[in-house]
Each structure stands twice: as C-alpha cells, then as structure tokens.
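Here are some notes for a colleague who is opening this structure for the first time. Please read them with the sequence and the model side by side.

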Amino acid sequence: MANNLYIVQEYDDNGMAFDESLSDTEYFDDADFGGDAEPAALAAWEAATARGGAWKLLKVG
C-alpha cells in the first residue's frame, strides 16, 4: 500500500497558496492514521470550507 500525504491548504482569490505562517495548513499522513488518512483529511477540508475562503485538498503519493 502506498503511503499518501494529504494537505488541506488555503488559497487566495488568484489561486495562489497562502504562506503557511498566514494560514492553517494541515497535513495528514497515512502512517499517522493507521494507513488511511483520507477520511480525516476530508473532514478537515469540509470544516475549513464551511468556515469560508478557498481551500484545496491535495493528495501526494
């Protein structure tokens, strides 16, 4: 099984990612979630979009 990293990151109106020091970027690694971090990352993304702003859920791996 591949080890994936999920990133929940905020973007500005021009589609550029905010600097991590200005945003609540969150990282979810499969290794930290019993091999499947996707449900936790999806829940974090849903919560972030509910707060407002433009958020992306990225999958690396």
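1. Ser23 is found in the loop between strand E1 and strand E2 (26-29), where helices (H or I, at least four residues) and strands (E, at least two) are DSSP runs numbered from the N terminus. Because its relative accessibility is 10%, Ser23 counts as buried, a term that means under 20% relative accessible area, with exposed over 50% and partly exposed in between (1.4 Å probe, protein chains only).

2. The model is predicted, so local features need pLDDT of at least 70 and side-chain atom pairs count only at pLDDT 80 or more, while totals for chains, interfaces and linings use all residues. Residues are numbered from 1 along each chain as its sequence is written, and side-chain values use heavy atoms, with hydrogens and water left out.

3. Leaving out residues up to four places away in sequence, Ser23 touches Glu10, Phe18 and Trp55, contact being heavy atoms within 4.5 Å. The C-alpha atoms of Ser23 and Ala40, which are 17 residues apart along the chain, are separated by 19 Å.

4. Gln9 lies in strand E1 and counts as buried because its relative accessibility is 12%. Beyond its neighbours within four places in sequence, Gln9 is in contact with residues including Phe18, Trp55 and Leu58.
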